[in-house]
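Subject: Structure handover

Hello,

Here is the structure we talked about. Please open it alongside the notes below.

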Amino acid sequence: MLFRSYAEHQGVFYFASEIKQLLAIPGFPRAVDDAAIHKYLTFSFVPGEDAPLKGVRRLLPRRVATYENRRLAITQYFELREALDGTLTDRGEAARLIGDLCKAAVVKRLQGAENIGLFLSGGLDSSSVALWLKEAGANVNAFTLDFGDKSVEKDRAIEVANALKIPLHFVKVGGEDLLPVLPDLAWRLDLPFGDAVTGPQYLLGKAARAAGCDCIFNGEGGDQLFGGWTQKPMIGAELYANLYANDGGEDSREETYLRSYHRFYGAEDALYTPAFRARVGPAGQRRALLLPYLHGEKANTFANHVRLADFALKGCQNILPRAERMANAWGLDVRTPLFDRKLAEVSFALAPQLKLHGAVEKFVLKLAVRGKLPREVVWRKKLGMGVPITDWTLGPLAPAMRELLGKASLERRGLFRYEYVEPLLQGRNLPGETRRRRVGERLWALAMLEAWLRVFIDGGGKKPGGDWR
């Protein structure tokens, strides 16, 4: 039997696909799991089996749970490991193999669908999926986000759509569009997700459904499998900076990885109230999540240690579930071919140099699609979606930010110090922080947590009405 969340209450074992279903159980307690919130504030999602609702556990990906004779058994049926194949050293051969596997992963997920949508950012990954859909003869409509003058990749999306002759729909998104939907967004996500992309994804799904799509493809997974830009700082530090100690201390791999999320790791004393700080539990919980991936026998090369962590955490516990929630909110089936199992296994059989080749990211994937996609799309430096969240949180979303994160709200909740949050609300960066986008990223992460607490703890998981402003 497969399920996602489970709990035992008054001698009865319950399982559900969503936490809100467990909250419908008569008398089920609504208490915050402080340790889970503590982890969320580092990762911007809740990793591991924890849930932010005390007493609830989650079934992790690649696992099967069986409940029989009042006993729960969880088994893992699939585990990625580095298994370098010495015969896959030729660039051309590796590129052809990856191209064939990627196209096969796309074809396998068509499943006879007729009204197909594609979230096309203009980046390499989604553009490659567009190519393989086109080669498979799929009737596809592409949807791309339009942030106005803040758009980063819109021109590349246009270039790809024109080259492949795919209809392209622009979905205009601004802070004013997100303001009225924040309560429903938090409710649909079911868990707190602190990445600002969730709001635009919600509106993309709405547009795809309105256009008659039944399923939606995306390009998620390319960074995790083929060596994306987020892995470069870790690898650079490992190679050149001689930062790491073996005692799990300040300069360990785990510490550097946790800091790479750029949320609140290391800010606990400044952000947490004394009471919340005392409740979050012992040190080392977050580092323990990383140990199986960044050390041990699952990989021999450092690059693949990092990739295993990215795949298991950022990929399977963040990117996939939030994409699914935002698609399912509109009755869409989301399909992510770059998370294909066979493709993932072969990715970990390729030498790291075929993925991160010097400063070139996702090298083997670029080789697989060169000559088939516009050169600028294939070889340009990674830019990312670039959600202008700081402009939004300090502009159209400011009323909601003040309502969710104002002094009265924070004091009532008792988790965070207003002295830490107030400068963010005023648009002031933290000391030593030079990137303006971090203001909006941190405000959004805190706001989505408070939104989740209001909907699921205060509101019992019932569908909310109105908005916050």
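One cut-off first: buried means under 20% relative accessible area, exposed means over 50%, and partly exposed is in between. Ile-74 comes out at 33% relative accessibility, so Ile-74 counts as partly exposed. Please keep in mind that this is a predicted model.

Surface patch

Ile-74 lies in strand E5, residues 71-76. Together with Tyr-67 and Leu-72, Ile-74 makes a nonpolar surface patch of about 210 Å².

Second largest pocket

The second largest pocket holds about 1,100 Å³ of space. It is lined by 32 residues. Closest to the pocket centre are Arg-4, Pro-61, Cys-316, Leu-320 and Glu-324. Two elements give two or more residues to the lining: helix H15 (302-328) and strand E10 (333-335). H15 provides the largest share, seven residues. By type, the lining has 16 nonpolar, five polar and 11 charged residues.

Salt bridges

How many salt bridges are there? The count comes to 41.

- Arg-286 with Glu-268: the closest N and O atoms are 2.7 Å apart. This pair links distant parts of the chain, with Arg-286 in helix H14 (residues 285-294) and Glu-268 in helix H12 (residues 268-271), 18 residues apart. Arg-286 has a relative accessible area of 11%, so Arg-286 is buried. Glu-268 is at 7% relative accessibility and also counts as buried.

- Glu-49 with Arg-57: here, too, the closest N and O atoms are 2.7 Å apart. Glu-49 counts as partly exposed because its relative accessibility is 28%. Arg-57 is partly exposed, with a relative accessible area of 33%.

- Glu-345 with Arg-341: the side chains meet at 3.5 Å, N to O. Both residues lie in helix H16 (residues 341-347). They are four residues apart, about one turn of the helix. Glu-345 is at 34% relative accessibility, so Glu-345 counts as partly exposed. Arg-341 has a relative accessible area of 42% and is partly exposed.

To go back to the burial cut-off, which side of it do Arg-286 and Glu-268 fall on? Arg-286 is buried at 11%, and Glu-268 is buried at 7%.

Best wishes

Key
Residues are numbered from 1 along each chain as its sequence is written. This is a predicted model: local features need pLDDT of at least 70, side-chain atom pairs count only at pLDDT 80 or more; totals for chains, interfaces and linings use all residues. Side-chain values use heavy atoms; hydrogens and water are left out. On a 1 Å grid over the protein atoms alone, a cavity is a set of points where a 1.4 Å probe fits but cannot get out, and a pocket is an open set with protein on both sides within 12 Å along at least five of seven lines; lining residues have an atom within 4 Å of a point. Grid points are joined across faces, edges and corners, and a volume is the space filled by probe spheres set on the points. Ala, Val, Leu, Ile, Met, Phe, Trp, Tyr, Cys and Pro count as nonpolar, Asp, Glu, Lys and Arg as charged, and the others, Gly among them, as polar. Patches are made of residues with over 30% relative accessible area and no salt bridge: like charges are joined within 9 Å, nonpolar side chains (Val, Leu, Ile, Met, Phe, Trp, Tyr) within 5 Å. Accessible areas come from the Shrake-Rupley method with a 1.4 Å probe; for residues, only the protein chains shown count as cover. A salt bridge is a side-chain nitrogen of Lys or Arg within 4 Å of a carboxyl oxygen of Asp or Glu. Buried means under 20% relative accessible area, exposed over 50%, partly exposed in between (1.4 Å probe, protein chains only).
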